[in-house]
Amino acid sequence: METIAALLDATGMAEIVNAYDWVWPICEIFHFAGMALLIGTIGFIDIRILGFGKGLPIHALERLLPFGVAGFVVNTVTGLVFVAGNPIGGSMAYLENLSFQLKMLLILLAGINVAVFYLTGIAREAAAVGATGDAAPAAKVVAGASLVFWVGVIVFGRLIMYNDTLLYALGL
Amino acid sequence: MPQLIANIAAGTTAGAESGLLDAMESSAFATWVRESPSLFAYTGMLSLHAIGLAFVVGLSSAVALRLLGVAPEIPLAPARKFFLLMYTAFWVNALSGIALFAGSATSLVENAAFLVKLGFVVLAVVNLRLLKRFAFDEAGLPRNGEPVPAVAKALAVSCLVLWSAAIIAGRLTAYPGLLGKYFG
């Protein structure tokens with residue numbers, strides 16, 4: 001963890017954030033917009049797979065995915081600015097923050113979930129379901145998990161700045 | 001509240017507004033939101049506000065993108081049901097927003113970015129209702145393969161613009177003084 005922190009701190013991002021007070025808020029704006037794009041596309045497909053909005057073919061909704069991926073990329077870049085450019089406590093303050101750690105864990109789980117979806121053939125079966133059809137239980141489990149993980153990412157993302165509240169609630 | 005009553009009794013309306021805001025801010029509920037160490041208080045309201053934002057802005061943006069030509073194979077008629085989710089997400093944000101507002105009412109009414117944000121949210125919601133009417137309700141609904149009417153496309157563009165503006169102003173609410181420094 002010290003190695004990662006040293007690498008991130010060596011980027012000099014903190015000096016940029018300190019020198020230009022608009023960098024942080026602008027990255028936050030993009031981080032929120034990216035979040036909405038990700039939820040609006042991936043969440044849209046998840047909700048349809050779960051059975052809401054029948055009449056929408058799942059394979060057609062998947063055409064929206066590049067926008068969700070774009071949102072994820074935007075948030076990875078702006079997220080790196082936050083961690084590497086943290087003016088108070090450096091990147092270590094993020095890496096040691098329980099809310100941040102849980103957020104990263106949930107992103108990892110969401111990634112594994114996507115890999116399971118596409119590598120096991122669940123996605124292919126779901127895409128083959130007709131416009132008004134019902135997706136297989138396995139696809140519903142993946143879609144439900146996806147929604148839970150991404151909503152969790154939002155919650156723990158918001159908690160990063162209020163990590164003490166989480167620690168207090170957990171009795172830590 | 002007593003201050004408000006005192007002001008009214010004294011026949012002055014000058015302090016009425018701030019009296020009401022003071023009363024709101026010092027109410028038991030607002031104090032709980034602001035000061036309780038519970039995860040459901042301030043952080044819970046903030047989390048709900050972010051989740052609601054993601055769903056109302058995200059889903060309406062996805063629909064706007066479809067109207068603008070992305071993924072034309074998505075049929076419009078069944079997508080209409082998703083407005084229910086958008087409105088639900090909006091109400092989550094209206095309620096969590098009221099809770100967050102109550103917690104710091106007196107400073108927020110003097111925050112220009114916050115007032116601008118409220119304006120954009122109102123416009124975005126009106127826009128969303130118009131979008132539903134002109135692109136999804138019986139008469140306006142283009143059949144499969146039919147081109148999307150120009151009015152629906154224009155509303156899709158304004159949907160994206162208004163939500164973006166609301167997010168920008170909403171974020172800048174946390175930085176009072178920043179706008180004034182550069183544009184003041």
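Among contacts in chain B between residues at least 6 apart in sequence, 73% join residues at least 24 apart. Two residues are in contact if their C-beta atoms, placed from the backbone, lie within 7 Å. This is a predicted model: local features need pLDDT of at least 70, side-chain atom pairs count only at pLDDT 80 or more, and totals for chains, interfaces and linings use all residues. Residues are numbered from 1 along each chain as its sequence is written, while chains are lettered from A and ligands numbered from 1 in the order in which they are written.

## Exercise 1. The two chains

Solution. 
- Step 1. Helices (H or I, at least four residues) and strands (E, at least two) are DSSP runs, numbered from the N terminus. A residue is buried with 20 or more other C-beta atoms within 10 Å of its own, exposed with 12 or fewer, and partly exposed in between; the C-beta atoms are placed from the backbone.
- Step 2. Take chain A. It has 10 helices and 0 strands. Of its 172 residues, 40% are buried. Its C-alpha trace spans about 55 × 35 × 25 Å along its principal axes.
- Step 3. Count its contacts by sequence separation. Among those with a separation of 6 or more, 77% are between residues 24 or more positions apart.
- Step 4. Take chain B. It has 9 helices and 0 strands. Buried residues are 37% of its 184 residues.

## Exercise 2. Where the chains touch

Task: find which parts of chain A touch chain B.

Solution. 
- Step 1. Count residues. 35 residues of chain A are in contact with 33 residues of chain B.
- Step 2. Find the elements. In chain A, α3 (23-49), α4 (58-61), α9 (137-159) and α10 (163-169) each supply at least two residues of the side that touches chain B. α3(A) gives the most, with 13 residues.
- Step 3. Sort by class. Ala, Val, Leu, Ile, Met, Phe, Trp, Tyr, Cys and Pro count as nonpolar; Asp, Glu, Lys and Arg as charged; the others, Gly among them, as polar. The side of chain A that touches chain B has 24 nonpolar, 6 polar and 5 charged residues.

## Exercise 3. Two helix pairs with α9(A)

Task: work out how α3(A) and α7(A) are placed against α9(A).

Solution. 
- Step 1. Two packed helices are described by the angle between their axes and the distance between the axes. Axes are lines fitted to C-alpha atoms, for helices over the stretch in contact, and angles run from 0 to 180 degrees between N-to-C directions.
- Step 2. Take α3(A). Its axis and that of α9(A) come within 8 Å and cross at roughly 155 degrees. α3(A) is therefore roughly antiparallel to α9(A). Angles under 35 degrees count as roughly parallel, over 145 as roughly antiparallel, 65 to 115 as roughly perpendicular and the rest as oblique.
- Step 3. List the contact. Residues of α3(A) include A:M35, A:I39 and A:D46; those of α9(A) include A:K140, A:W150 and A:I154. By class, this contact has 10 nonpolar, 2 polar and 2 charged residues.
- Step 4. Take α7(A), residues 98-119. Its axis comes within 8 Å of the α9(A) axis, with a crossing of roughly 160 degrees. So α7(A) and α9(A) are roughly antiparallel to each other.
- Step 5. Sort this contact. It has 14 nonpolar, 5 polar and 1 charged residues.

## Exercise 4. The nonpolar cores

Task: locate the largest nonpolar core and another core apart from it.

Solution. 
- Step 1. Define it. A nonpolar core is a set of buried Ala, Val, Leu, Ile, Met, Phe, Trp, Tyr and Cys residues joined through C-beta atoms within 7 Å.
- Step 2. Size it. The largest has 86 residues, and A:A36, B:A54 and B:C159 have the most contacts inside it. Helix α4 of chain B (residues 42-67) gives the largest share, 16 residues.
- Step 3. Look at B:A54. Beyond its neighbours within four places in sequence, B:A54 is in contact with A:M35, A:A36, A:I39 and A:I154.
- Step 4. Find the other core. It has 9 residues, among them A:L8, A:W24, A:V83 and A:Y94.
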